[in-house]
Amino acid sequence: MPQETRLILKYADEPGYAPDIECYLRHGGYEALKKALGIAPKTLPNGKTVTGPEQLRDEVTKSGLRGRGGAGFSCGLKWSFVDRKSGKPIYLICNADESEPGTFKDKQILHKDPHQMLEGMIIACYANDVHLAYIYIRGEFTEGARILNRALQEARAQNFLGKNILGSEYELQIHVHRGAGAYICGEETGLIESLEGKRAYPRIKPPYFPAVLGLYMCPTIVNNVETLCAVKHIAAMGAAEYAKLGTPNNTGTRIVSISGHVKRPGYYEVEVGKVTIGELINDPVFGGGLRDGRKLKAVIPGGSSAKVFKAGEKFKLKRRGPDGKEVEKELEMLELPYDFDSLIAAGSMSGSGGIIVMDDSTDVVEALANISEFYAHESCGQCTPCREGSLWMAKALHRLTHGQGRKVDADYLIKIADNIPGGRTICAFGEACAWPVQSFVAKFKDEFAARGQADEERKQPQVESAAPKPKLQEQMLAKAH
Ligand SMILES: Cc1cc2nc3c(=O)[nH]c(=O)nc-3n(C[C@H](O)[C@H](O)[C@H](O)COP(=O)(O)O)c2cc1C
Ligand code: SF4
């Protein structure tokens, strides 16, 4: 029987559990920080000394933790890229912008257990020799910002922040910065620009990799809220225990937001890869199945920018058999394990962990029009393919959903979408706006084509004027006189 494995959300929904520090301390809060600060330097057989922070970084790498913000990049590897020799300060930013449609997990953590995120953040800062860090929180999360500011005050009062934290020599300040209310503020380099007080225009990489040239042109780590919570648990339980959760290369737990046409929309924490998409949608402990009498039509598996899956789609995936050998196995979409690698192998991604379920009552043309309107609105406009392409796609979809479609619109949409991704844009927003169009139109081509054809047939034939039109030359002559 599939079930939730609550590590990060262990206490969040317990009756009486409050976001204040007393409650957090009563539930073992800040013990992981004490443990992390207490790690003594270790001398290796080769005579090299490894500091406490270095050991912590090593643990995070060994744990296999992959970022929960969208790209699923190795957290330990990201930390290893940080330029530690520049002599400049190193900054850490918690990305709490959470604006990918279909994703609503970070908000739960911020509202219900802010100290858990702070503890993970302080440990991550200690591990990376950071003394000034920021929480960049989505502008609309006014309540979240209030809760976080109070949590910071409480943490300062108890010396979990500030100078000589818990009697150590370590000093750290954290500030909350409220976002500018745009989706692009969640992209790490756009976020950094916004934090510097500018418009959130993403920076080009190279050279502006945050690990080298980030905030104020200093080495910077940007991590998602949930990723930083996982760091706290890795410090508490050790990399080996953490890696027992989940599946190889897809370790730990992750919080999945399920929305759309299910009976029990909500957020669920599961071991990565231990449950399938079908279980997440249909099992009574998760989505609880579709509304009565309805059939599944499509699933977006990782937030609105992930490529859509069509019900019944099949994929050939490489799986490891009981003898350890890799075998190719055909899996139906609902049988796909919900992990980073399986979803990429199936041509989509688990992204920010937002599953959007669509039953057979869904008009996919309307659904895509809705998504594309969002991306056209949110493009920052720096790159022509993204700025123009997202708008043209939204316009074509607006036509198709307002009785003005054309037979050629399906091909036209694909043509535009195919010309946005693939290194033609500064940031991954280009992919984010093109992938839904590419996948929806390819997988539901009949519906898009039929809509355009029906609109064309419905249009009134042009009524010719009874009087013959004057020739262009005659018109010009008439004007000249
Ligand atoms: C257009 C766009 C929007 C993004 N929005 C968010 C967001 O709201 N929250 C987030 O954590 N990451 C977001 N990301 C990913 C970040 O750029 C970055 O990869 C992430 O914060 C790194 O954290 P992680 O390694 O812990 O996942 C976005 C990326 C793109 C391209
Ligand atoms: S891809 Fe789009 S959002 Fe990203 S920098 Fe270019 S125009 Fe802006």
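Ligand 1 sits in the largest pocket, where sitting in a pocket requires that more than half of the molecule's atoms lie within 2 Å of its grid points. On a 1 Å grid over the protein atoms alone, a pocket is an open set of points with protein on both sides within 12 Å along at least five of seven lines, a cavity is a set of points where a 1.4 Å probe fits but cannot get out, and lining residues have an atom within 4 Å of a point. This is a predicted model, in which local features need pLDDT of at least 70 and side-chain atom pairs count only at pLDDT 80 or more, while totals for chains, interfaces and linings use all residues. Residues are numbered from 1 along each chain as its sequence is written, chains are lettered from A and ligands numbered from 1 in the order in which they are written, and side-chain values use heavy atoms, with hydrogens and water left out.

Around ligand 1 there are 19 residues, of which G69, K78, N95, N224 and T227 come nearest; a residue counts as near if one of its heavy atoms lies within 4 Å. By class, this shell has five nonpolar, eight polar and six charged residues, with Ala, Val, Leu, Ile, Met, Phe, Trp, Tyr, Cys and Pro taken as nonpolar, Asp, Glu, Lys and Arg as charged, and the others, Gly among them, as polar. Strand 6, residues 220-224, gives the most to the shell, with three residues; strands (E, at least two residues) and helices (H or I, at least four) are DSSP runs numbered from the N terminus.

Oxygen atoms of ligand 1 lie 2.9 Å from a side-chain N or O atom of N95 and 2.8 Å from a polar side-chain atom of N224, and an oxygen atom of the ligand is also 3.3 Å from a polar backbone atom of R68. Taken alone, ligand 1 exposes 620 Å², and the protein buries 89% of that, with areas from the Shrake-Rupley method and a 1.4 Å probe.

The structure also holds two cavities of 30 Å³ or more, a volume being the space filled by probe spheres set on grid points that are joined across faces, edges and corners. The largest has a volume of about 70 Å³, and its lining, which includes C380, C383, C386 and C427, has eight nonpolar, four polar and no charged residues. The second largest cavity holds about 40 Å³ of space and is lined by L56, E59, V60, I123, A127, V231, I234 and A235. Helix 3 (52-63), helix 6 (114-127) and helix 10 (225-237) are the elements that give two or more residues to that lining.

Terms used: Polar contact = N/O pair within 3.5 Å; in protein donor to acceptor, adjacent residues only side chain to side chain.
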